[in-house]
Amino acid sequence: MDCIFCKIVAGEIPADILYQDEGVVAFRDINPLAPIHLQIIPGKHIPSLAHLSEAESSLIGDMVNTANQLAKKEGISESGYRLVINCGKQGGQFVPHLHMHLLGGRQLSNALG
Ligand code: 5GP
Ligand code: ZN
């Protein structure tokens, strides 16, 4: 499959992988927008949040748990961080494999749109 995040999951292209289990993979963003910028993704190819079935929705909880654990590991649990899921073109999603951004390590702006 021609999906860059599937290739990272499969180890076909390199990434700084911080966590991987049967369901979830986390790695550093290649173009960080903050001192800590991670991607938390399902190992399975799901194109976007809009394609997530109800049966798969517990994956989001697993992704949030992974994000919380990594925030602790990265030392930003107390200072704060932001989790973002962009969905679709107008939602600002460029990579068509569901992913959650974890951003932190500096004061983030209040602008959401
Ligand atoms: P989106 O705009 O789709 O929500 O965010 C996609 C994110 O994936 C961007 O922050 C971008 O820097 C990151 N990204 C795109 N290609 C790669 C890659 O090959 N490796 C890594 N580590 N991150 C990537
Ligand atoms: Zn994929």
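Reply: Leucine 18 is found in strand β1 (residues 17-20), where helices (H or I, at least four residues) and strands (E, at least two) are DSSP runs numbered from the N terminus. At 23% relative accessibility, leucine 18 counts as partly exposed, because that term covers the range between buried, under 20% relative accessible area, and exposed, over 50% (1.4 Å probe, protein chains only). Leucine 18 is 22 residues away from isoleucine 40 in sequence, and their C-alpha atoms are 9.6 Å apart in space.

This is a predicted model, in which local features need pLDDT of at least 70 and side-chain atom pairs count only at pLDDT 80 or more, while totals for chains, interfaces and linings use all residues. Residues are numbered from 1 along each chain as its sequence is written, chains are lettered from A and ligands numbered from 1 in the order in which they are written, and side-chain values use heavy atoms, with hydrogens and water left out.

Turning to the ligand, 17 residues surround ligand 1, and the closest are Asp29, Phe94, Val95, His99 and His101; a residue is counted here if one of its heavy atoms lies within 4 Å of the molecule. This shell divides into seven nonpolar, eight polar and two charged residues, with Ala, Val, Leu, Ile, Met, Phe, Trp, Tyr, Cys and Pro taken as nonpolar, Asp, Glu, Lys and Arg as charged, and the others, Gly among them, as polar. At least two residues of the shell come from each of α1 (4-9), β2 (24-28) and β3 (36-42), and α1 gives the largest share, three residues.

Some polar contacts (pairs of N or O atoms within 3.5 Å; within protein, one must be able to donate a hydrogen and the other to accept it, and residues adjacent in sequence count only if both atoms are side-chain atoms) can be followed one by one. A polar side-chain atom of aspartate 29 lies 2.5 Å from an oxygen atom of ligand 1, an N or O atom in the side chain of histidine 99 is 2.7 Å from an oxygen atom of the ligand, and a backbone N or O atom of valine 95 lies 2.9 Å from a ligand oxygen atom.

The backbone oxygen of valine 95 is also reached, at 2.9 Å, by the side chain of glutamine 93, which reaches the backbone nitrogen of glycine 88 at 2.8 Å as well. Glutamine 93 lies in the loop between β4 (81-84) and β5 (100-104), and it is buried, with a relative accessible area of 12%.
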